[in-house]
Amino acid sequence: MSPRKTIVIITLLAMVLSMSACEKPVSNVEIPEVVSINPEYINTILDTLVSEEFTGRLPGTEGNKKAEEFLQREMEAIGLSTPEFTSSYLHGFNLLVPLKQKVTEFELLDVNGAVVQKFDFGDDFTEYIARDFAMGIGEFQGAYTIVDDPFEVGKVDEITNDDIWIFSRKATASSSYDAFFKTILNSDRTPKVIIYESDQLNNDHFVLSPYTGLMQHNDNENGILIYRVSPDAFQSIKDADEKFLRVSTAVDVKSVEVSNVVGMIDGKSDHGYVISAHFDHLGDNLDGTVNYGALDNASGVSAMMALAEAMVREGEQELDYYFIAFNGEEEGLHGSSAFVREGFLEADKFKIINMDMVGSSTPIEFEISATHPQSTELSQWIFENAKEYGINAITSNIGASDHFPFEQAGFAAVTLIEFDKRFYHTPFDTKDASIDLEHLADLTKFVFELLQ
Ligand SMILES: [Zn+2]
C-alpha cells in the first residue's frame, strides 16, 4: 500500500464517518415540540407596559415613545419579520393629542376671591376639550348662573350677564350633548365657561377620554372653557352662598407623529390574519395619578405578543400573520384608521382579530364584537369555538375599537373584549385591580388554538 493510497483511504474513511455523523441516529428521533402560549411572557409584556417608566403611554409623550421602542425591540427579539411597508416595524402617522401641561384647577370662591372649596380633578370634575369650540388653554374667574330648566338652555343670555353657565342634568337630559352645545353656540352671547353636571363616573371617578376624533384643528386659545362636574360637586356649587368660580386649564391640543408597531410571520401566502391590540392609553393626570391602562389595553398587547411568540416557535406557517400594536386608539382609532387608509392589505384576503381589554379579574362576558355583516361568519366561528372551549362568550356590536376602520373598508374584523367598566378610563385600571393573569393566559391560549 503506497503512502498515497493510505492517504486516499483515510480521506474516504473520514468522509464516510463525517457523513454518518451528520445523520441523526435512528434511536434518537426528535419528537416535535408541543408549542403553547408562555404565560411568563404575557406577564413580562404586561409588567413593562404598565410600568412607571411608560407613564400611561399617551401618544406624544415620552412614555408612549418608550412603549413603541419596547414593542419594536420585542418583535425583533421573538423573531417577527418587519413588513416591507414599514421602516423597522414602524408605521408612522399624525394625530391630534391633548397634552396636559399642568393639573386642571376648579375652585369655588367668595366675593373677595378667596378659595372656599377646591375641587379634585377626576373625582369632582374634568375638563372637556373634545370639540373645536372647546378651549384647551385658558383660565377664567367670575360669577356663575345655574340653569336647571331645559327650556332655558337656549336663552341663558337673556336671563343673566354672568359668563359662567352651569347646567344641571335635568337641563341637558332631553338632548344629546352635541345638540346642547349647538344650542348654546347659537345664542347671541356665548359664555366664557360652560359647566355641566354629569354622572359618567366609574368607581366615583370620571371616565377620562382624550378623544379628538371630531376635532379638525388645534386652536387651543379660542373658544369656551368646558367642564363636567359630578352630582356631588354640582350640589356644592348650587348650595354655595357667594357664587364665584375660578377655573384653569392647560391642555395643549397638538399634532404629533407616532407609530403603530407592526411585525409579521411571512407564510409566503397573500392572505391570512391580522392580530392586533392598541398599546396607547391616557397618560399622566399631573395630579399625582397616572392612568396605567392595565386592562385597557396592556392586556390585549401582552396576549398578542404571546401569540406571536408562540407562533414563531411553531415554525413555518401556511398563512401570513400580521401582529399590529396600534397607537392613538383612545383619541379615536387613529392608528388603525391610518393603517387602513394606506391600503397595505386587501379586504378580501385578511381577517382581523383585535383584542382590547381581555383577562379581566371579574367574571364578565367575553364579547366577540363586530358591526358589519361581512364580519358575521368570522364572529360566529370564534363564538362557537369559544363556547366549546368553555368561555362565557357572547356576540355584540361594539364599534369603538380598532376592528372598526377595517370593517368600514370591507374587511371581516372583530374585537375580542371583556368590557369591565369598574376601572375603565380611570387611574384605578392597574394590573392588581383589573387583571386575572391566569384567565388572560387562558384566553390567549384559546386564540392560539383557534388559529391552529
Ligand atoms: Zn380605552
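The protein chain of the predicted model contains 452 residues, of which 52% count as buried. Its secondary structure consists of 13 helices and 19 strands. Taken along the principal axes, the C-alpha atoms occupy a box of roughly 120 × 45 × 40 Å. Among contacts with a separation of 6 or more, 82% are made by residues 24 or more positions apart.

The size of an interface is often given as the accessible area lost when the parts come together. For domain 1 and domain 2, the area buried between them is about 1,700 Å², with 60% of it on carbon and sulfur atoms. At this interface, 23 residues of domain 1 are in contact with 21 residues of domain 2. The number of salt bridges between domain 1 and domain 2 is zero.

Helix 10 comprises 14 residues, numbered 376–389. At 1.5 Å a residue, helix 10 should span 20 Å, and this agrees with the 20 Å between its end C-alpha atoms. The buried residues of this helix are L378, S379, I382 and A386. Viewed down the axis of helix 10, these buried residues fall within an arc of 95° and therefore line one face of the helix. They pack against strand 12 (272–278), strand 16 (350–355), strand 17 (366–369), strand 18 (393–396) and strand 19 (412–417), as well as against helix 13 (437–450). On the face turned away from the buried side, helix 10 carries the exposed residues E377 and E388. The residue following helix 10 is G390, which has a positive phi, near 95°.

When residues up to four places away in sequence are not counted, A347 touches A409, G410 and F411. The C-alpha atom of A347 is separated by 9.6 Å from that of H271, although A347 and H271 are 76 residues apart along the chain.

Notes: Residues are numbered from 1 along each chain as its sequence is written. This is a predicted model: local features need pLDDT of at least 70, side-chain atom pairs count only at pLDDT 80 or more; totals for chains, interfaces and linings use all residues. Side-chain values use heavy atoms; hydrogens and water are left out. Helices (H or I, at least four residues) and strands (E, at least two) are DSSP runs, numbered from the N terminus. The expected span of a helix is 1.5 Å times one less than its number of residues. Buried means under 20% relative accessible area, exposed over 50%, partly exposed in between (1.4 Å probe, protein chains only). The arc is that of the directions from the helix axis to the C-beta atoms. Contact means heavy atoms within 4.5 Å. Buried area is the accessible area (1.4 Å probe) that two parts lose on being put together, summed over both. A salt bridge is a side-chain nitrogen of Lys or Arg within 4 Å of a carboxyl oxygen of Asp or Glu.
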